[in-house]
Structures are given as structure tokens and as C-alpha cells.
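I opened this structure to take notes on strands, contacts and surface. My entries follow in the order I looked things up.

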Amino acid sequence: MQSGIINHPFGAGGKGYNLQMVWEETEINVQENTSTVKVTANLIADQGYGITSTKSKTIKITCDGVTQSGTCKVAVSGGSTKQLFSAIFNVAHDADGSKTAALVCRLNIDITISGNHVSYVQSSG
């Protein structure tokens with residue numbers, strides 16, 4: 001089974017934070033020609049950075065055109081990782097059993113970083 005990590009660094013000069021998607025194929029159904037894929041969104045703050053916002057934020061993960069959404073808190077201290085949201089998708093394969101599925105995570109973060117307002121952050125792959 002396959003797995004991977006997609007990173008999207010952001011912040012002043014692209015430093016300080018990372019919206020990360022970790023995906024893994026958890027099950028393959030050969031008869032139905034599908035896979036179950038779990039996608040987890042994490043927020044990583046580099047050492048010396050952090051987010052103190054306590055408001056709930058909207059997050060969406062899209063896999064192969066199907067979107068799941070929820071809310072999360074983004075408060076994270078420097079040098080740590082916070083799990084924001086997980087979603088499980090059933091992905092149909094192509095006729096030959098292969099599949100390339102697009103993944104997108106959009107976090108409506110709505111915070112100020114280094115004096116600049118950031119409405120949302122998006123990671124894709």
C-alpha cells in the first residue's frame with residue numbers, strides 16, 4: 001500500500017509554518033477496484049514561531065474531487081505539530097487498477113503573520 005507527505009511551507013518568506021498532508025492507502029478492494037485513503041492535515045510551527053489564535057477555523061480536504069470539511073483550532077507552539085483534521089475517502093481506480101488522485105487541503109486560517117493578514121493556506125499535490 002502507498003503513502004506520502006505533501007508539505008506547504010508558509011509565513012514570512014515561506015518560513016515559520018507548514019500545512020502538511022499525510023496520506024495513506026489503508027485498504028485495497030480488488031473486486032470493486034477501489035482503495036480507501038486516509039488523509040490527515042497537520043499544522044507545524046518551526047522553533048521560535050507559534051500561533052495563539054483560539055478561534056475555530058474551517059478546513060477542507062479534497063481527494064479525487066470529493067470534499068470533506070470540518071473545524072479545527074490552530075493554536076500551536078514553536079517546534080511542535082498539531083493535527084487539525086482527518087478524512088477517509090473511497091477512491092475508484094482506473095480500469096487497469098492504477099490511480100492518480102489529486103489532493104487539496106484548504107485551511108481558512110484568518111490570522112496575521114509578521115504584520116500580514118493570511119485568509120487561507122492551501123496545500124496540494
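Which residue in β7 is the bridge partner of Cys 63? I looked it up and found Leu 103. I note that this is a predicted model, where local features need pLDDT of at least 70, side-chain atom pairs count only at pLDDT 80 or more, and totals for chains, interfaces and linings use all residues. Residues are numbered from 1 along each chain as its sequence is written, and side-chain values use heavy atoms, with hydrogens and water left out.

**Entry: β7 and its partners.** I take strands as DSSP runs of E, at least two residues, numbered from the N terminus. Two strands pair if DSSP finds at least two bridges between them. Strand β4 (residues 56–63) runs antiparallel to β7, and six bridges join them. On β10 (residues 121–124) I found four bridges to β7, again antiparallel. Here Leu 107 has Val 121 in β10 as its bridge partner.

**Entry: faces of β7.** I then followed the side chains along residues 103–108. Leu 103, Cys 105 and Leu 107 point to one face and are buried. Buried means under 20% relative accessible area, exposed over 50%, and partly exposed in between (1.4 Å probe, protein chains only). In a regular strand the side chains alternate between the two faces of the sheet.

**Entry: the open sheet.** I traced four strands in the order β1-β2-β3-β6, with antiparallel pairing. β1 (3–10) and β6 (80–92) are the edge strands, each pairing on one side only. Between β3 and β6 I found 12 bridges. Asn 42 stands opposite Gln 83 in β6.

**Entry: the salt bridge.** How many salt bridges does a search of the whole structure find? It finds one. The term means a side-chain nitrogen of Lys or Arg within 4 Å of a carboxyl oxygen of Asp or Glu. Lys 99 pairs with Asp 64, and their closest N and O atoms are 3.3 Å apart. The two are 35 residues apart: Lys 99 is in the loop between β6 and β7, Asp 64 in the loop between β4 and β5 (66–73). Lys 99 is partly exposed, at 32% relative accessible area. Asp 64 is partly exposed too, at 33%.

**Entry: Val 30.** Is Val 30 buried or exposed? I read a relative accessible area of 70%, so Val 30 counts as exposed. Val 30 sits in the loop between β2 (17–29) and β3 (34–45).
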